[in-house]
Amino acid sequence: MSDAGRKSFGTKAKEEMTPDSSKSTQQKVKEGVTDTVDRGVRGGQPDSEKSTSQKVFDKGQRSSDEHVHGGTENSIGDKVKGAFGMDK
């Protein structure tokens with residue numbers, strides 16, 4: 001079960017398993033927006049406050065993001081934490 005305020009694991013799995021070719025433009029836009037929001041929440045919440053299943057899922061997502069989008073010096077999570085002064 002995902003943590004409060006996060007996209008559910010079932011929804012995420014369904015989105016990943018459905019080919020983009022069978023999704024409407026509206027579905028693709030909605031997924032993009034909700035994924036971005038989920039990444040922001042993921043980065044803004046310290047791992048110490050997450051459930052074990054959420055930590056494992058987030059770690060996999062961060063690894064996937066890095067592989068797909070290339071590594072950067074600061075992750076989205078680091079940038080969010082920095083913006084809120086949580087990086088100190």
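Residues here are called buried under 20% relative accessible area, exposed over 50% and partly exposed in between, computed with a 1.4 Å probe on protein chains only. D20 is partly exposed, with a relative accessible area of 49%. The model is predicted, so local features need pLDDT of at least 70 and side-chain atom pairs count only at pLDDT 80 or more, while totals for chains, interfaces and linings use all residues. Residues are numbered from 1 along each chain as its sequence is written, and side-chain values use heavy atoms, with hydrogens and water left out.

**Salt bridges**

Side chains of opposite charge can pair when their charged atoms come close. A salt bridge is taken as a side-chain nitrogen of Lys or Arg within 4 Å of a carboxyl oxygen of Asp or Glu. The search of the whole structure finds 11 salt bridges. The table gives some of them.

| Salt bridge | N to O distance |
|---|---|
| D35 and K7 | 2.4 Å |
| K23 and D20 | 3.3 Å |
| D47 and R62 | 3.6 Å |

The salt bridge of D47 and R62, at 3.6 Å from N to O, links distant parts of the chain: D47 lies in the loop between α2 and α3 and R62 in helix α3, 15 residues apart. Helices are DSSP runs (H or I, at least four residues), numbered from the N terminus. D47 counts as partly exposed because its relative accessibility is 34%, and R62 is partly exposed at 31%. Salt bridges that share partners join R6, D38, D47, K50, D58 and R62 into one network.

K7 is found in the segment before α1. With a relative accessible area of 11%, K7 is buried, and D35 is buried too. The side chains of D35 and K7 meet in a salt bridge of 2.4 Å. This pair links distant parts of the chain, with D35 in helix α2 and K7 in the segment before α1, 28 residues apart.

**Q27**

Q27 is placed in helix α2 (residues 25-44) and counts as partly exposed at 40% relative accessibility. The side chain of Q27 reaches the backbone nitrogen of S24 at 2.8 Å. Q27 and E15 are 12 residues apart along the chain, and their C-alpha atoms are separated by 9.3 Å.

**Aromatic pair**

Rings of Phe, Tyr and Trp (its six-membered ring) pair if their centres lie within 6.5 Å; planes under 30 degrees apart count as stacked, over 60 as edge-to-face and the rest as tilted. The whole structure holds 1 aromatic pair. The pair consists of F9 and F57 and is tilted, at 4.8 Å centre to centre with 50° between the planes. It links distant parts of the chain: F9 is in helix α1 (residues 9-17) and F57 in helix α3 (residues 52-69), 48 residues apart. F9 counts as partly exposed at 21% relative accessibility, as does F57 at 22%.

**Cavity and pocket**

On a 1 Å grid over the protein atoms alone, a cavity is a set of points where a 1.4 Å probe fits but cannot get out, and a pocket is an open set with protein on both sides within 12 Å along at least five of seven lines; lining residues have an atom within 4 Å of a point. Grid points are joined across faces, edges and corners, and a volume is the space filled by probe spheres set on the points.

The search finds 1 cavity of 30 Å³ or more. The largest cavity has a volume of about 50 Å³ and is lined by K7, K12, D35, D38, R39, R42 and Q61. Helix α2 gives the largest share of this lining, 4 residues.

The second largest pocket has a volume of about 240 Å³. Of its 16 lining residues, K12, E16, K23, E31 and D35 are the closest to its centre.

Methods: Helices (H or I, at least four residues) and strands (E, at least two) are DSSP runs, numbered from the N terminus. A polar contact is a pair of N or O atoms within 3.5 Å; within protein, one must be able to donate a hydrogen and the other to accept it, and residues adjacent in sequence count only if both atoms are side-chain atoms.
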